[in-house]
Amino acid sequence: MTLPSRAGLDAVPPYRQGRSAPEGASKLSSNESPHPPLPSVVRAVQERLGTVNRYPDMSAAALRDDLARRYGVSVESITVGAGSVEIAAQLIHAVAGPGDEVIFAWRSFEAYPSLVRIAGATPVAVALTADHEHDLDAMLAAITPRTRAIFVCNPNNPTGTVVAADALERFVAAVPHDVLVVIDEAYVHFDRTGSRGAGIELFRRHPHVAVLHTFSKAYGLAGLRIGYAIAPPEVAENQRKVAVPFGVTDLAQAAARASLDAEDELAARIDEVVDQRDRLHALLRDAGWPAVPSQANFVWVPAGERTAELDALLHEGGVVARTFPGEGVRISSGSAEDIDRVAAALVREAVTA
Ligand SMILES: Cc1ncc(COP(=O)(O)O)c(C=O)c1O
């Protein structure tokens with residue numbers, strides 16, 4: 001007897017989580033915040049624990065109100081999900097199905113191709129430039145009558161490169177209005193170029209732009225699973241139809257609201273992560289590794305055939321990073337102690353080489 005299996009799923013690789021770290025090692029494989037949640041956020045979650053016998057507010061009305069006020073957009077344009085990865089899935093399911101195409105750069109966030117295939121649509125991966133940046137001209141050239149959405153991951157995971165605001169605006173203006181441009185700003189808070197926040201401005205100025213944000217990275221709530229999109233209201237309405245009901249818990253909503261209230265405190269933590277990222281980049285470069293300057297909370301090292309060597313070096317030094325065999329290693333920015341460890345691991349290479 002053969003159990004049923006949906007056609008096309010053979011082509012969907014299971015999502016690979018960043019490796020877990022042995023006790024005492026530095027886990028720099030999932031772009032998480034090295035900081036524990038703020039006390040005010042812990043309190044907000046604790047206050048809600050007594051009501052987990054109830055379903056959460058599926059519309060996340062209070063949080064969406066907060067976000068709408070914060071960005072000066074309509075509540076109808078805001079959708080929430082169990083992490084921005086769920087929001088990316090909602091957006092794809094809202095606009096694309098069998099026979100449709102979704103374009104994204106490659107390498108980029110690993111979930112994009114799988115999410116597109118799960119929707120029954122066809123992923124169209126456009127190679128990054130030699131400088132590890134989005135090739136916007138090639139992405140425009142890849143648009144066909146079947147294209148329904150284009151993802152621009154800004155800053156890009158895993159390369160940490162940024163599409164400048166003016167280039168992104170020219171790109172958005174050149175994309176036909178019947179194609180949704182999804183600007184995935186999961187790492188936007190770590191961007192120290194003038195392009196930070198460009199997505200929301202483009203949402204205001206163009207009818208076919210959606211922006212993805214997450215509380216997982218800069219806000220340090222990866223374990224609670226909550227993210228949101230600001231999308232054209234008609235797209236947002238369809239996202240609500242395809243979303244899994246009650247996907248976002250009350251605890252996550254409370255933590256997100258408390259985090260928005262604590263942004264000044266969080267900004268200091270984000271600055272620390274950015275300082276350690278820049279230190280990490282300098283350490284790698286000084287040790288002779290081809291590290292790419294990053295505007296995210298990680299650094300990409302396209303080590304090519306030396307990938308396994310770098311991975312082993314880090315591993316022996318008690319650092320678990322994200323390795324793409326034969327391509328490179330992505331190392332998340334951690335605490336000062338985590339990056340001290342990376343420094344020690346790299347020096348060890350200099351001694352043994
Ligand atoms: C570019 C990008 N978008 C979205 C996500 C999803 O994050 P989350 O679902 O935790 O919000 C990630 C996670 O690594 C990411 O790298």
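A residue is called buried when its relative accessible area is under 20%, and exposed when that area is over 50%. Keep in mind that you're looking at a predicted model.

Start by selecting N31, in the loop between β1 (26–27) and α1. N31 counts as buried because its relative accessibility is 1%. Check its backbone too: phi is near 55 degrees, a positive value in a residue other than glycine.

Next, go to the loop between α1 and α2 and pick A60. Here phi is positive again, about 45 degrees, and A60 is not a glycine either. With a relative accessible area of 0%, A60 is buried.

Stay in the loop between α1 (39–48) and α2 (61–71) and click on M58. Is M58 buried or exposed? M58 counts as exposed, since its relative accessibility is 52%.

Now show helices α3 (residues 84–95) and α8 (residues 233–242), whose axes come within 8 Å and cross at roughly 105 degrees. So α3 is roughly perpendicular to α8. Among the residues making the contact are I87 and L91 of α3, and V235 and V242 of α8.

One runs from W106 to R107, with omega near 10 degrees; R107 sits in the loop between β3 (101–106) and α4 (111–118). Another links N154 to P155, with omega near 0 degrees, and P155 is in the loop between β5 (147–153) and α6.

Terms used. Residues are numbered from 1 along each chain as its sequence is written. This is a predicted model: local features need pLDDT of at least 70, side-chain atom pairs count only at pLDDT 80 or more; totals for chains, interfaces and linings use all residues. Side-chain values use heavy atoms; hydrogens and water are left out. Helices (H or I, at least four residues) and strands (E, at least two) are DSSP runs, numbered from the N terminus. Buried means under 20% relative accessible area, exposed over 50%, partly exposed in between (1.4 Å probe, protein chains only). Axes are lines fitted to C-alpha atoms, for helices over the stretch in contact, and angles run from 0 to 180 degrees between N-to-C directions. Angles under 35 degrees count as roughly parallel, over 145 as roughly antiparallel, 65 to 115 as roughly perpendicular and the rest as oblique. Contact means heavy atoms within 4.5 Å.
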